[in-house]
Amino acid sequence: MAQGYSRDTAVTASLSPSPGGGTGFVGRALTQLLRSRGHQVTHVSRQGGKDRITWEELSHSGLPLCDAVVNLAGENVLNPFRRWGDAFCREVISSRVETTKALAEAIAAAEQPPRAWVLVTGVGFYRPSPTAEYTEDSPGGDFDFFSRLVSSWEAAALIPGSPTRGVVVRSGVVLGRDGGAISQMLLPFRLGLGGPMGSGLQPFPWIHIQDLSGIVCHALEKESVQGILNGVAPSSPGTSNGTFAQELAAALGRPALLPVPAWAVRAVFGAERAVMLLEGQRVLPKRTLESGYSFIFPELPAALRDIVA
């Protein structure tokens, strides 16, 4: 436990209805880490159960007594089985902005508010560029649907005048076993059918799931941490999509000879979502490192070896 913590509970929010933890890919890893460090964890999800409350219960009864709240909720934007259209856009917005707003309102209304409030958003806040490098102080959030979504998402977390310490972690592509980007790539790469997307030159901002969970835990436990933290590996600014494909293939002992043409990516995901895969940002974890966080997987080869081992 962090020194001075008394109520010893973190509340993580999720939209997943699965009975196995209710928190999805990142939430499962974060829950495991927090519990290993002595924290009790309660999930807010669509379904109730052991160590859970529902969103309806949160609305009616308020926030349970806790030291910290983390919001990981959000509909998967890159779900290839969902057509990009107005209905899906509304779901993407609601699953992020409305859940964040509900938790922020519950924190504001709590008689004993939590000490820390952590929101995980994305590096889509920053404008894609092959050359520009972005730190937590860089501007963004106003040039396309996804950047404006992150702006609205982060704005919904603000609680003016609250004693609760607020932290926003802008995450890159999360790499790990049993979920995330790699789970959809492993089969073609294992078969030797993998390769870069489009030109392969676009930046690929990434982070190992252990480090994303670690940064959130660090933000919860270290009282001096507040504001924006970039959740990307230190070597991420030098990683292109093509480099990632080559390193993943190397970790699997396979070639990476078959690029996925840009037109195919657009055909599957639609032009607006395809930008997330065909373009990218060079993002630096400047404030994250300055805050004292030490990365477990700062380099891509070691991160991929850990995942595919």
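**Helix pairs, a salt bridge and a domain**

Helix α1 and helix α6 (residues 209-221) pack at an angle of about 55°, and their axes lie 9 Å apart. That makes α1 oblique to α6. This is a predicted model, where local features need pLDDT of at least 70, side-chain atom pairs count only at pLDDT 80 or more, and totals for chains, interfaces and linings use all residues. Residues are numbered from 1 along each chain as its sequence is written, and side-chain values use heavy atoms, with hydrogens and water left out.

Some terms. Helices (H or I, at least four residues) and strands (E, at least two) are DSSP runs, numbered from the N terminus. Axes are lines fitted to C-alpha atoms, for helices over the stretch in contact, and angles run from 0 to 180 degrees between N-to-C directions. Under 35 degrees is roughly parallel, over 145 roughly antiparallel, 65 to 115 roughly perpendicular, and the rest oblique.

Back to the pair. On the α1 side, the contact (heavy atoms within 4.5 Å) includes Phe25, Val26 and Ala29. Among the α6 residues are Ile209, Leu212 and Ser213. The contact divides into 11 nonpolar, two polar and no charged residues. Here Ala, Val, Leu, Ile, Met, Phe, Trp, Tyr, Cys and Pro count as nonpolar, Asp, Glu, Lys and Arg as charged, and the others, Gly among them, as polar.

Next, α3 (residues 86-109) and α4 (residues 145-156). Their angle is about 15°, with axes 8 Å apart. They are therefore roughly parallel to each other. Their crossing is right-handed. Cys89 and Val92 are among the α3 residues in contact, and Phe145 and Trp153 among those of α4. By class, this contact has nine nonpolar, two polar and two charged residues.

How many salt bridges does the structure hold? Nine (each a side-chain nitrogen of Lys or Arg within 4 Å of a carboxyl oxygen of Asp or Glu). Arg35 sits in α1 (residues 24-36), and Asp51 in the loop between β2 and β3, 16 residues apart.

Last, the record. UniProt, in an unreviewed entry, lists residues 260-307 as "domain: DUF1731". Its positions follow the numbering used here, feature names are shortened, and annotations may be inferred rather than shown by experiment. The span is 60% helix and 4% strand, and its end C-alpha atoms lie 23 Å apart.

Definitions and conventions
A crossing is left-handed if the near helix is turned anticlockwise from the far one by less than a right angle, and right-handed if clockwise.
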